[in-house]
Amino acid sequence: MPASTLANLRILLGVSGGIAAYKAAELTRRLREAGAELRVVLTENAARFVTPLTFQALSGAPVRMSLWDESAEAAMGHIELARWAERILIAPASADLIARLAHGLADDLLTTVCLASAAPLALAPAMNQQMWAHPATQANLDRLRARGVSVLGPASGSQACGEFGAGRLLEAEQLVAELAALHGPRRLAGVRVLVSAGPTYEDIDPVRFIGNRSSGRMGFAVAQAAAEQGASVHLVAGPVHLPTPAGVIRRDVRSAREMREAVMQQIPQCDIFISAAAVGDYRPGEVAAHKLKKRGRALTLTLAENPDILGEIAARTSRPFLVGFAAETRDLETYARAKLERKRLDLIAANRVGDGQGFDAADNELLLLWPGGRELLPRADKLALARALIARVAALRTAARAAPARRRRP
Ligand code: PMT
């Protein structure tokens with residue numbers, strides 16, 4: 001999405017206290033370059049790291065910091081600011097600010113403006129990796145996401161405190177691109193998208209199962225990205241511990257056969273099916289009624305083949321636009337292209353798995369293949385990749401619908 005979609009957009013940039021506040025100066029410059037009209041609000045703590053004068057010079061407008069600024073508040077300045085903003089971006093968003101927003105506090109100018117504004121809110125968190133991973137921070141973010149707040153990043157890497165991990169502010173360029181993607185035209189408005197995500201568990205006995213390492217992150221990110229583009233999204237999720245993205249309707253399942261049943265129920269009502277789930281190819285032929293006992297010798301399990309959900313849908317004459325994933329440990333492009341052709345998919349997203357890649361990682365790298373085309377999406381967090389994947393899906397589907405003579409899908 002070109003940053004020009006931000007042209008003339010009235011953006012209120014909030015800066016909270018943290019060492020990453022200095023990066024907000026570069027962000028201000030980039031947002032102005034992208035054509036946005038800017039007002040900057042600093043929290044008191046942000047002003048300990050950076051000066052209002054810097055932001056005044058870069059934004060071309062006076063910077064606000066306090067609810068108790070008599071000249072600005074004579075005309076209810078915080079309400080005027082809240083109405084003025086078409087979009088609010090807080091970068092960096094500290095753990096404390098996130099907590100206050102999650103609980104609806106309005107104890108300074110920035111949180112008050114957020115509460116008083118109907119503008120969509122995006123947060124770019126930046127904090128120490130332990131603070132980021134803390135369940136309190138994650139619960140606050142889940143709460144905000146459920147209210148439709150967008151969370152951009154954070155990135156992983158070395159931190160100002162000397163530690164290493166997730167919690168770095170995204171670079172200014174990436175933030176501008178992500179904001180532009182959020183604000184751009186909604187490419188899937190009115191489109192019904194079904195996404196499968198996560199692993200399947202195949203029971204051996206009442207306490208054991210065969211599963212895989214899928215965390216569901218990739219599929220959940222795809223569901224979120226489709227919803228951001230205006231699609232009505234159903235998500236069929238294997239056993240994972242992830243919050244449901246805002247606006248997405250979720251159904252939880254456990255085994256491949258349960259996933260098949262849930263997917264098949266939705267297929268007639270969907271325009272696009274994206275199969276990101278790591279569906280187990282095999283299940284134990286029989287599930288023991290009681291816990292299997294140790295017998296002092298090898299145990300042989302006979303496995304039965306599971307249904308190939310995507311393959312079954314692909315074989316139908318009337319089918320939605322079909323996107324598969326390919327998880328490969330070697331010869332990625334060759335195997336993925338073979339899957340694309342064998343299953344007659346419209347698009348396949350291939351990722352390398354194993355050695356900490358693909359499964360259960362925050363980042364990924366995707367090779368998109370479709371009949372006659374390819375695009376490499378370099379390593380990035382799964383949400384950024386999911387947004388790029390959805391942009392490609394929307395473009396291919398639009399092209400297919402615009403060329404009815406060559407259209408392969410109903
Ligand atoms: O969940 P994460 O931790 O974020 O990890 C993401 C991921 C690595 C699981 C994801 O990016 C991914 O690659 N998902 C597909 C994994 C997979 O099962 O790939 P496959 O090459 O074995 O299957 C090919 C396609 O057929 C997939 O779209 C799969 O959903 C589908 N399939 C596979 C088997 C089966 N019985 N039924 C299916 O529908």
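**Figure 1. Surroundings of the ligand in the predicted model.** In this predicted model, the ligand is surrounded by 27 residues. The closest of them are Ser214, Ser215, Lys339, Asn351 and Asp360.

Figure 2. Domain 1 covers residues 3–183, and domain 2 covers residues 192–407. Taken over C-alpha atoms, the centres of domain 1 and domain 2 are 34 Å apart. Domain 1 supplies 10 residues to the contact, and domain 2 supplies eight residues. About 650 Å² of area is buried between domain 1 and domain 2, and carbon and sulfur atoms give 48% of this area.

**Figure 3. The salt bridge between the domains, and the side of domain 1 that touches domain 2.** One salt bridge is found across the interface of domain 1 and domain 2. A salt bridge joins the side chains of arginine 387 and glutamate 178, with an N to O distance of 2.5 Å. One residue pair in polar contact is also found across the interface of domain 1 and domain 2. On the side of domain 1 that touches domain 2, helix H9 (135–146) and helix H10 (172–183) each supply at least two residues. H10 gives the most to this side, with four residues. By class, the side of domain 1 that touches domain 2 comprises five nonpolar, two polar and three charged residues.

Figure 4. Most peptide bonds are trans. Alanine 91 and proline 92, however, are joined by a cis peptide bond, with omega about -5 degrees. Proline 92 belongs to strand S3 (residues 87–93). A cis peptide bond also joins glycine 153 to proline 154, and here omega is about 5 degrees. The position of proline 154 is in the loop between strand S5 (150–151) and strand S6 (155–158).

**Figure 5. The backbone at asparagine 8.** Asparagine 8 is located in the segment before strand S1 (10–15). Most residues other than glycine have a negative phi. At asparagine 8, by contrast, phi is positive, with a value near 65 degrees.

Notes
Residues are numbered from 1 along each chain as its sequence is written. This is a predicted model: local features need pLDDT of at least 70, side-chain atom pairs count only at pLDDT 80 or more; totals for chains, interfaces and linings use all residues. Side-chain values use heavy atoms; hydrogens and water are left out. Domain bounds come from an automatic or database domain assignment. Contact means heavy atoms within 4.5 Å. Buried area is the accessible area (1.4 Å probe) that two parts lose on being put together, summed over both. A salt bridge is a side-chain nitrogen of Lys or Arg within 4 Å of a carboxyl oxygen of Asp or Glu. A polar contact is a pair of N or O atoms within 3.5 Å; within protein, one must be able to donate a hydrogen and the other to accept it, and residues adjacent in sequence count only if both atoms are side-chain atoms. Ala, Val, Leu, Ile, Met, Phe, Trp, Tyr, Cys and Pro count as nonpolar, Asp, Glu, Lys and Arg as charged, and the others, Gly among them, as polar. A residue is near a molecule or strand if one of its heavy atoms lies within 4 Å of it.
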